[in-house]
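These are my notebook entries on one structure. I record in them what I looked up, entry by entry.

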Amino acid sequence: MNPGGSTGAGGGVVAAVDLGATSGRVVLGHVDRHGVRLQHVARFANEPVTLPEGRGDGEGAVESAGGAGRVGLHWDVLGLWRSATAGLAQAVRDEPGVASIGVDSWAVDYGLLRDGRLLGAPHHYRDERSAAGVEAVHAVVPPAELFARTGLQHLPFNTVFQLAADRAAGVLAPANRALLVPDLFSWWLTGVAATERTNASTTGLLSPATGEWDVELMSRLGLTPELFAPLVDPGASLGPLLPSVAAAIGAPASLGVTTVGSHDTASAVVAVPLTGDDAAYVSSGTWSLVGLELPSPLLGEDVRAAGFTNEGGVDGRVRFLKNVSGLWLLSESMRAWSRSGTSAAERSSDLASLLAEAAAVTRPVAVFDATDERFTPPGDMPARIEAWCVEHDVEPPRGRAETVRSILESLAAAYAATLRDAERLSGRAVRTVHVVGGGSQNELLCQLTADRTGCTVLAGPVEATALGNVLVQARAAGFVRGSLESLRALVRHSSSPVRYEPRTTAAPTSQRG
C-alpha cells in the first residue's frame, strides 16, 4: 500500500534528538513504505539550574553571598549535550547505518557565543529578567507595530525581549553569535552555524511576509544583524559531523545533520494527521499550542488583540495558534504536593490515582484563567489557583482531586475559547480537534476538551514531535517523498488515534460570570 504517494525508493533509519522543556530523548525512526516506527534509545531529564546573578544595573557584578543579588534560572545545556551525545552513541551502536541526525527543542531561548565558544549557561524562558526587555522594546517599537512586523503573540519571554534585557545588562556586548538551542546543538555537532526558519519565526525578529531576518527592526533595537546566523529551511543538510564528535559517538565520518522543524511544535504539527480545513490541533505538553494550519499569516489588529501568533511551519505553512498554559500546571502542582506532604503517602502523590479521583468529582469546580501570567513561573501552583479564585469571587477547589479537575477543566475551557477565536479570525469552522503529545494520554483532559469544544477529539500520536522530526529527515534522505499531506498519510497508516465524542452532559463547573 502506498499511503498518499509518500513512499520513496526504499526505507531507512534516522536519529532524532528531541529536547523538551522537562525532558529529552534520542529516538531512532524506521521509515519505509509500510509506515514509520519509533525506537526509543535514550531518555533523560531536563531540569533548570539557578545561579546567582548581577544586580541588573548593567555592570554584570554579582553580589556577595550575603547580598541581594538576583538568582537567575538557566538551562543545563552541557548536561543535555552529554546526555544527547550518549544517546546518539547508543543509536549508532543499535543502527550503524543511520542516515542522518535531526535536532528539535523548545523555542525562544538561545546561547551566546564568542568566536564559537559558549559564553554562559543560556537563560530559561521562565526567568524573570525579560520584563525589563519588554519595556525597552516597546519604548522603541510599540506593540501594534511589533505585531504587524513579526506576527507574534505577545509573550514576555519572546527572544526579542530576552535579547533586549541582555543588551541592557551588558551581557550581549561580548557575543558575536546568538544561536537558538537546537541550532546551538547542530553547531556543536557540525561546526556549521545556521538558524532554522521555524524556530527563527518565534524570535520576534523574522518577517512573516518575507521569511527573512528583519534587519531594520534589529537595527532600531540596537541589535547587530551579524549576531544572527544565516537562515535555512527544514530538510537542509548542514554537512557531516565534526571528526571529534563522530569519533566520540562511534559514527562514520559521513554521518551528517539535517535540519528539521527545529521548533518542537513545528515538528509536532508535521505529524498531526490533519485532513481538511475543518481540523484544528492541540499540541499538549508543558505548554498547550492550540490552533490551525494556514497557508499565509493573519496580521490584523483583531488577531493581535486576540493574542494569536503566526509561526513558521514546515513547507512554508503557517502555524496560526495561541500559547495556552499546559500540563505545567499539573506537574508544578504535583511538585508542590510532593514537597509539602506531611507523610510519605502524601508526598508520593500518584497522578493516575488523582486523575481517577478527579474524573469522579461531581461537585462544581472552579474554572480559572489558565493564561494568567501568574501561572508562568515555577512555584506553588495550588496556592496560586486558590489566590486567583479568591480574587475573582470563585470558590477554590477543595483538596487535590478537585484541584486536578479544576486544572483540566480550565485547560479545556481555554482550548475551547481559543478555537472559537481561531474560527472567527480565520473564517474556518472546526469540527475535529487533534490532540497530540503527552496530553493525548490524559483521557480526562481529552474528554473534557470534546465536551467544551463540542468537537470530535482524536488523541494521538503521543510522540508527535519525534515523528515529525523523523519524517522531515526521511524525506530529505529520499526514504519518503511528497507533501505534508503525504507524510501525514504515513502517520495515519502507522497508528490509530483514540476518539472522544462530546457528552451531552458534563460535570458542572463554577466560574465568575
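I begin with a definition: helices (H or I, at least four residues) and strands (E, at least two) are DSSP runs, numbered from the N terminus. I note that this is a predicted model, in which local features need pLDDT of at least 70 and side-chain atom pairs count only at pLDDT 80 or more, while totals for chains, interfaces and linings use all residues. Residues are numbered from 1 along each chain as its sequence is written, and side-chain values use heavy atoms, with hydrogens and water left out.

**Entry 1. Confidence**

I looked up pLDDT, the predictor's confidence in each residue, from 0 to 100. The chain has a mean pLDDT of 92, and 92% of its residues reach 70 or more. Over residues 1–8 the pLDDT is below 50, and this stretch has 25 contacts in the model beyond near neighbours in sequence. Contact here means heavy atoms within 4.5 Å. Residues 56–68 also have pLDDT under 50; for them the model has 15 contacts beyond four places in sequence.

**Entry 2. Helix 4**

Is helix 4 largely enclosed or exposed? I found that 8 of the 10 residues of helix 4 (residues 159–168) are buried, so this helix is largely enclosed by the rest of the structure. Buried means under 20% relative accessible area, exposed means over 50%, and partly exposed lies in between (1.4 Å probe, protein chains only). The buried residues are Thr159, Val160, Phe161, Gln162, Leu163, Ala164, Ala165 and Asp166. They pack against strand 7, helix 2 (130–140), helix 3 (143–150) and strand 9 (177–180). After helix 4 comes Gly170, with a positive phi near 80°.

**Entry 3. Helix 2 against helix 4**

I then examined one of these partners. The axes of helix 2 and helix 4 come within 7 Å and cross at roughly 95°. Axes are lines fitted to C-alpha atoms, for helices over the stretch in contact, and angles run from 0 to 180 degrees between N-to-C directions. The two helices, helix 2 and helix 4, are therefore roughly perpendicular to each other. Angles under 35 degrees count as roughly parallel, over 145 as roughly antiparallel, 65 to 115 as roughly perpendicular and the rest as oblique. On the helix 2 side I listed Ser130, Gly133, Val134, Ala136, Val137 and His138, which meet Val160, Phe161, Gln162, Ala164 and Ala165 in helix 4. By class, this contact of helix 2 with helix 4 has 7 nonpolar, 4 polar and no charged residues. For the classes, Ala, Val, Leu, Ile, Met, Phe, Trp, Tyr, Cys and Pro count as nonpolar, Asp, Glu, Lys and Arg as charged, and the others, Gly among them, as polar.

**Entry 4. Helix 11 against helix 15**

How do helix 11 and helix 15 cross? The axes of helix 11 (residues 328–340) and helix 15 (residues 399–426) come within 10 Å, with a crossing at roughly 165°. That makes helix 11 roughly antiparallel to helix 15. Leu329, Leu330, Ser333 and Trp337 in helix 11 meet Arg400, Thr403, Val404, Ile407 and Leu411 in helix 15. I counted 6 nonpolar, 2 polar and 1 charged among the residues of the contact of helix 11 with helix 15.

**Entry 5. Backbone exceptions**

Most residues other than glycine have a negative phi, and most peptide bonds are trans. Val108, in the loop between strand 6 (100–105) and strand 7 (110–114), has a positive phi near 70°. At 5% relative accessibility, Val108 counts as buried. Asp315 is not a glycine, yet has a positive phi of about 65°. Asp315 sits in the loop between strand 16 (309–312) and strand 17 (318–325), and counts as partly exposed at 40% relative accessibility. The peptide bond from Gly460 to Pro461 is cis, with omega near 10°. Pro461 is in the loop between strand 20 (456–459) and helix 17 (464–477).

Which residues does Ala450 contact, leaving aside its neighbours within four places in sequence? They are Cys455, Val457, Tyr500, Glu501 and Pro502. Ala450 lies in helix 16 (residues 443–453) and counts as buried at 0% relative accessibility. Ala450 and Arg499 are 49 residues apart in sequence and 9.5 Å apart in space, C-alpha to C-alpha.

Ser186, in helix 5 (residues 181–190), counts as buried at 8% relative accessibility. Not counting residues up to four places away in sequence, Ser186 touches Val103, Gly191, Val192, Leu238 and Val257.
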